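Student: I have a protein model open and I'd like to learn how to read it. Can you walk me through it?

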Amino acid sequence: MAELVVAFPKAEEAKAVKNILVKNGYHVVATALNGAAALHQASVLEEGILICAYGFPDMIYTEIRLHLDAAIRMLLIAHPSRVGEDLPENVIFLPIPLKVHTLLECLKQLEERGSRSGRRRRRSMQRSAEDLAILDKAKALLMEKKGMREDEAHRHIQKTSMNRGGLHGRNRRHVHQSVSGRKGIDEDKIYKNAGNRQ
């Protein structure tokens with residue numbers, strides 16, 4: 001289950017929502033009574049859900065969302081008259097008066113959405129590590145074959161990559177080919193782990 005932070009300007013509201021969540025098996029990491037505390041508590045989470053009210057003495061929910069990490073989803077609980085049509089990205093709205101089953105169903109959907117985006121984020125991080133390995137190999141080849149310094153090799157790779165539209169998919173091969181000066185130099189070995197099966 002996702003880790004939760006509950007933020008409401010009134011302690012009794014925060015406690016009431018926290019109690020509902022705990023009774024239903026959720027792990028509430030912390031409660032907060034103002035926007036700064038909500039941001040601080042949410043910053044500790046790698047990914048999770050911030051359940052919050054519309055406004056606090058120090059800020060409103062849009063300001064909190066602006067400073068939250070993208071991995072943290074926000075569940076806004078407020079009166080419909082206070083919320084406009086255009087909600088910020090990663091904000092889900094629940095109207096008050098709050099119905100417990102609606103809250104729980106919404107949290108379940110947010111958790112499912114979060115686990116999918118978490119898997120995508122981990123795959124992206126893995127690809128980034130693979131890209132770094134390819135870049136290091138290309139830099140080493142430039143330094144060895146063309147006598148470049150590391151910073152010159154790095155700039156050359158950046159320029160080549162940008163001219164070819166970034167370091168994605170086939171462009172990895174193009175960068176490597178332009179760096180090595182020929183096709184086929186350990187390409188299969190370098191790109192096999194980078195997921196470039198075409």
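**Reading the fold**

Tutor: Going along the sequence, the protein chain follows the pattern β-α-β-α-β-α-β-β-α-α-α-α. Helices (H or I, at least four residues) and strands (E, at least two) are DSSP runs, numbered from the N terminus. This is a predicted model, where local features need pLDDT of at least 70 and side-chain atom pairs count only at pLDDT 80 or more, while totals for chains, interfaces and linings use all residues. Residues are numbered from 1 along each chain as its sequence is written, and side-chain values use heavy atoms, with hydrogens and water left out.

Student: In what order do the five strands sit in the sheet?

Tutor: Two strands pair if DSSP finds at least two bridges between them. Here the five strands form an open sheet in the order 2-1-3-4-5, with parallel pairing. Strand 2 (27-32) and strand 5 (91-95) are the edge strands, each pairing on one side only.

Student: Which strands pair with strand 3?

Tutor: Strand 1 (residues 3-7) pairs with strand 3 in the parallel sense over five bridges, and Ala7 stands opposite Cys52 there. Strand 4 (residues 72-78) also pairs with strand 3 in the parallel sense, over five bridges; Leu50 stands opposite Met74 in strand 4.

Student: Is strand 3 mostly covered or uncovered?

Tutor: We call a residue buried under 20% relative accessible area, exposed over 50%, and partly exposed in between (1.4 Å probe, protein chains only). Strand 3 (residues 48-52) is mostly covered, with five of its five residues buried. Gly48, Leu50 and Cys52 are on one side, and Ile49 and Ile51 on the other. For the protein chain, buried residues make up 39% of the 198 residues.

Student: Which residues have the most contacts inside the largest nonpolar core?

Tutor: In soluble globular proteins, nonpolar side chains tend to be buried together. A nonpolar core is a set of buried Ala, Val, Leu, Ile, Met, Phe, Trp, Tyr and Cys residues joined through side-chain atoms within 4.5 Å. The largest one here has 41 residues, and those with the most contacts inside it are Leu4, Leu21, Leu50, Ile51, Leu75 and Leu107. Strand 4 gives the largest share of this core, six residues.

Student: What does Leu21 touch?

Tutor: Contact means heavy atoms within 4.5 Å. Not counting residues up to four places away in sequence, Leu21 touches Leu4, Val6, Tyr26, Val28, Ile51, Leu103 and Leu107.
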